[in-house]
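Me: Please show me the model, and then let us go through its packing and its side-chain contacts by question and answer.

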Amino acid sequence: MPFDKLNITNRDVLREMGYGIKDADSFVEQQIDLLLDDPASLVMSRFVYRIYSGKVEREVIWIGDTLLNVGSIISSIMEGATAFAVFAATAGEHLEKVMKEAVTRNDVFEEYLVSAIGSCIVEKTGDYMENVLQAELSVLSHTRRFSPGYCGWPLSDQKSIFHLLGDNPCNITLSECFLMTPIKSISGIIGIGEHVKRNLYGCAVCNMQSCYKRKKK
């Protein structure tokens with residue numbers, strides 16, 4: 001998808017790297033600008049989603065005959081949903097290659113910088129996907145997106161997400177320990193219904209105290 005649709009800023013990347021408003025020096029900002037000014041060297045992001053009917057039952061969600069053990073936090077947020085968009089999105093294979101090349105050169109700074117940009121790319125791709133979904137839904141509402149590994153949802157449910165999407169959505173592969181390649185990829189579900197809401201997100205609903213993003217707050 002076109003890079004300019006993602007609206008990634010220098011500040012987005014600095015925040016992902018853990019910098020405050022005035023922490024970064026000029027060299028770091030210049031290197032970010034150089035990469036953002038040449039997005040063709042990094043970006044081949046993609047997304048896909050499929051909409052299924054489903055229902056919420058206590059701490060689980062049924063999508064057809066597929067059971068997702070989402071836990072109490074996500075099930076309460078999804079309450080009232082009558083359908084679900086099952087999705088996957090990725091920053092793409094080329095960015096993965098750039099990161100591996102930095103590792104080969106033992107360039108820790110470039111690896112970290114490209115990794116931060118990749119996180120921004122895949123999250124912004126997810127945001128863009130939600131806008132596309134909302135346009136398709138018209139008057140129906142949808143929740144924010146949630147992924148296995150968050151808010152007590154077991155990572156092993158990645159296997160069910162990939163089953164619902166079909167093999168290797170957006171050329172993303174899943175390992176035996178349920179990790180995705182390219183690493184800068186996301187997958188999960190979005191609740192759909194007349195009465196669902198785009199509730200609080202991130203640290204406001206997640207109880208994972210060891211998360212590095214919580215430490216940055």
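**Packing and contacts**

Me: Which residues does Ile-117 touch, leaving aside those up to four places away in sequence?
Reply: Residues are numbered from 1 along each chain as its sequence is written, and side-chain values use heavy atoms, without hydrogens and water. This is a predicted model, in which local features need pLDDT of at least 70 and side-chain atom pairs count only at pLDDT 80 or more, whereas totals for chains, interfaces and linings use all residues. With contact taken as heavy atoms within 4.5 Å, Ile-117 touches Val-13, Leu-35, Leu-36 and Leu-42.

Me: Is Glu-130 buried or exposed, and which side chain does its own side chain join in a polar contact of 2.7 Å?
Reply: Glu-130 lies in helix 5, residues 108-137, and because its relative accessibility is 5%, Glu-130 counts as buried. A polar contact is a pair of N or O atoms within 3.5 Å; within protein, one must be able to donate a hydrogen and the other to accept it, and residues adjacent in sequence count only if both atoms are side-chain atoms. At 2.7 Å, such a contact joins the side chain of Glu-130 to that of Arg-145.

Me: How many residues apart in sequence are the parts tied together by the pair of Phe-27 and Phe-109?
Reply: Rings of Phe, Tyr and Trp (its six-membered ring) pair if their centres lie within 6.5 Å, with planes under 30 degrees apart counted as stacked, over 60 as edge-to-face and the rest as tilted. A search of the whole structure finds three aromatic pairs; the one formed by Phe-27 and Phe-109 is tilted, at 5.7 Å centre to centre and 35 degrees between the planes. Phe-27 lies in helix 2 (residues 26-36) and Phe-109 in helix 5, so the parts that this pair ties together are apart in sequence by 82 residues.

Key
Helix = DSSP H or I, 4+ residues; strand = E, 2+ residues; numbered from the N terminus. Buried < 20%, exposed > 50% of the residue type's maximum accessible area, 1.4 Å probe, protein only.
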